[in-house]
Number of protein chains: 2
Amino acid sequence: MDELADGTAVVIDVLRATTTIVTALAAGATRVIPCVGVEEARWLAHERYRGARLGGERGGLTIEGFDFGNSPAEYMAEHIAAKTLVFTTTNGTQALRHCERAKEVLIASFLNVAAVAQQLVDRQVIHLVCAGTDGTITREDVLLAGALVVQLCELRVKDPTLNDEAELAADAWRETRRSVADGQELAYFLRQSRGGQNLAAIGHETDVTAAARVDCHPIVPRYDTVTGEIVIVAGHSVAG
Amino acid sequence: MDELADGTAVVIDVLRATTTIVTALAAGATRVIPCVGVEEARWLAHERYRGARLGGERGGLTIEGFDFGNSPAEYMAEHIAAKTLVFTTTNGTQALRHCERAKEVLIASFLNVAAVAQQLVDRQVIHLVCAGTDGTITREDVLLAGALVVQLCELRVKDPTLNDEAELAADAWRETRRSVADGQELAYFLRQSRGGQNLAAIGHETDVTAAARVDCHPIVPRYDTVTGEIVIVAGHSVAG
């Protein structure tokens, strides 16, 4: 989208694409190649990146012939370390492709929120891009956007200028963080969200718990829109 | 919009259309006739409702030949009591017309938030429709939507089922309400919003203060989509 051309885009799809991408890279995957189509994914894994692993979902479920679905738990070091992952999901990889005009594209999840906020601290123009579900806002993505806004405000000497969406997301996160400080689990809120309920409906509740592990992987993945590859640019994998 | 056909739509345009409509009715206007076009407004005031007053804005400013702009302060009883008001604005009256398929359409502002929440208490399906500005979300509208959600949750014995947007709006309102309880004025938050900044740019800051007078007019205006008229259905004007 042209409106992103002036700055850094941060792609957010908490349940589950960006959580899974962060997990795979933290587990030692060399790179993640996001793509929109299933056939494109197969071609990339068979021709361009020989020996790559195939991961992703349609309707939330693993695609026929793929090595992995879209559950973070599947991406363990023993299966993915030192491998390329070609990855396609319904909303997340489309959000990534929508950001191709941005100067820089970073990947955020609750697993790496502090690392991403730190990386953003000197950026002038930042767009937080929530993948949502089929074009609608989902609470889990907005909460993570709010967490990034709040951390950025805390890290910067001068308060950044926020638009109304960013202010609202920050408000929502501050309110949720208060409940978390009072002992309510973050996963509880993610489970209530549209994305959380969709996952429960297909038996993937445990992915919600995995997505709520705040700052367990302090890495910053960046999507290089020229090469089409996502690699770690700050922090390092458990393997490395 | 067909998605509204199953329930009650509550139209929200804090800065300023729904605030001004509530003010005009509270000051004794017999009815408000919202319309989208300026020529349509002139025809209605000159032909269909002879002697009606004309109010509204384009680009935030009073339309040539109209009696009033879109500032709540203009709608004083001495000018509007016992009169019909034909009213057209950029975003608010369009949001009203978008709700024409709903079973019932109510008009909300901070001036009558408790009265509207009370009116909604036994409704099964409720859509909170934020006018925004030119298709974008504005904070002041989402905060009022959140205030309605929070009050409804407090009034009902059984918690209503909320979608993600409603949950986020409620979070944002709870966070803002906390600052208001700590002594920050609600008008301060409305002034920071996209709508508030647009008003400041055209010298209408005082309208923001007027829009932040919570529960000063405990009336419920309803838009009858058959007759095209907005009248008070609960509470009464200062005149009546």
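This is a predicted model: local features need pLDDT of at least 70, side-chain atom pairs count only at pLDDT 80 or more; totals for chains, interfaces and linings use all residues.
Q: Why is the pair Arg16(A) and Asp207(A) called a salt bridge?
A: The closest N and O atoms of Arg16(A) and Asp207(A) are 2.6 Å apart. A salt bridge requires a side-chain nitrogen of Lys or Arg within 4 Å of a carboxyl oxygen of Asp or Glu, so the pair qualifies. Arg16(A) stands in the loop between strand E1 and helix H1 of chain A, and Asp207(A) in helix H10, 191 residues apart. Both residues are buried.

Q: What makes Arg97(B) partly exposed?
A: The relative accessibility of Arg97(B) is 28%. Buried means under 20% and exposed means over 50%, with partly exposed in between; Arg97(B) therefore counts as partly exposed. Its salt-bridge partner is Glu40(B), with N and O atoms 3.3 Å apart. Arg97(B) lies in helix H4 and Glu40(B) in helix H2, so the pair ties together parts 57 residues apart in sequence.

Q: Why is Arg50(B) called exposed?
A: Arg50(B) has 66% relative accessibility, and exposed means over 50%, so Arg50(B) counts as exposed. Glu47(B), with which Arg50(B) forms a salt bridge, counts as partly exposed at 43%.

Q: How do you know that Glu167(B) and Arg139(A) meet in a salt bridge?
A: Their side chains are 3.6 Å apart, N to O. The limit is 4 Å, so the pair counts as a salt bridge. Between chain B and chain A the count is eight salt bridges. H7(B) gives the most to the side of chain B that touches chain A, with ten residues.

Methods:
Residues are numbered from 1 along each chain as its sequence is written. Chains are lettered from A and ligands numbered from 1 in the order in which they are written. Side-chain values use heavy atoms; hydrogens and water are left out. Helices (H or I, at least four residues) and strands (E, at least two) are DSSP runs, numbered from the N terminus. Buried means under 20% relative accessible area, exposed over 50%, partly exposed in between (1.4 Å probe, protein chains only).
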